[in-house]
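Thanks for coming. I will talk through one structure, charged pairs to begin with and then the strands.

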Amino acid sequence: MTPQLFKIPYSVFNDWNLLQAFLQRRGNPDYELVGDIDLRWQDNITSLGNLVQVDGNLNLCGSSIKSLGKLKHVTGNLNLYKTDITDLDELSYVGRMLNLNSSSIESVTNLQRVNGELLLRDSNITIIDNVQYIGSYLDVDRRSVTYPTTKDCWASGLIDSPNGNASSCFCLTSDSSP
């Protein structure tokens, strides 16, 4: 039997350090946070540790984050803009937008589904062929990115197709290709 996640409303703490002290006193269990978590520009956060799920938005823009730890699921937006993170670790699902613009991201190995936009401008990633579904659009700059080889529709649009063959990989919602 899988142990139940420790479910915590973030608004009870509204402070990452207080939350971590609370979790440490309880033996650092796997846990889920409920609510929006704004950790922008925090220079003291390098890992999310045993956080498995966020029911809300998670904003790590400009933070010193290096690892998402055990994080698998974010129901809202996940903002990793201008971070040095290179891998999404165990993350497989984002319920809305995933912003990896201007990040050091190199791998999205376990990422399967993004229900909103997937933003990759000025990032280091070149392969996204493990992603099974993008609910809105893929935003990339003019460089080579390897897309899934499936013929099934998996994104509703593409901005700035770098290799000119995006219409064969994407179901575009407009009549004109980018």
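Arginine 40 counts as partly exposed, because its relative accessibility is 41%; the bands are buried under 20% relative accessible area, exposed over 50%, and partly exposed in between, with a 1.4 Å probe and protein chains only. Before going on, the ground rules: this is a predicted model, where local features need pLDDT of at least 70, side-chain atom pairs count only at pLDDT 80 or more, and totals for chains, interfaces and linings use all residues. Residues are numbered from 1 along each chain as its sequence is written, and side-chain values use heavy atoms, with hydrogens and water left out.

Back to arginine 40. Its salt-bridge partner is aspartate 38, with the closest N and O atoms 2.5 Å apart. By salt bridge I mean a side-chain nitrogen of Lys or Arg within 4 Å of a carboxyl oxygen of Asp or Glu. Aspartate 38 is partly exposed too, at a relative accessible area of 41%.

One joins glutamate 90 to lysine 72, at 3.7 Å from N to O. Glutamate 90 sits in the loop between strand 7 (78-79) and strand 8 (93-94), and lysine 72 in the loop between strand 5 (58-59) and strand 6 (73-74), so this pair ties together parts 18 residues apart in sequence. Strands here are DSSP runs of E, at least two residues, and helices are runs of H or I, at least four, numbered from the N terminus. Glutamate 90 is partly exposed at 35%, and lysine 72 is partly exposed at 39%.

The other is aspartate 139 with arginine 121, closest N and O atoms 2.7 Å apart. Aspartate 139 is in strand 13 (residues 137-139), while arginine 121 is in the loop between strand 11 (118-119) and strand 12 (133-134), 18 residues away. Is aspartate 139 buried or exposed? Aspartate 139 is buried, at 9%, whereas arginine 121 is partly exposed at 25%.

Seven strands make an open, parallel sheet in the order 1-2-4-6-8-10-12; two strands pair if DSSP finds at least two bridges between them. Strand 1 (6-9) and strand 12 are the edges, each pairing on one side only. Inside the order, strand 8 and strand 10 (residues 113-114) run parallel and are joined by 2 bridges. Tyrosine 93 has arginine 113 of strand 10 as its bridge partner.
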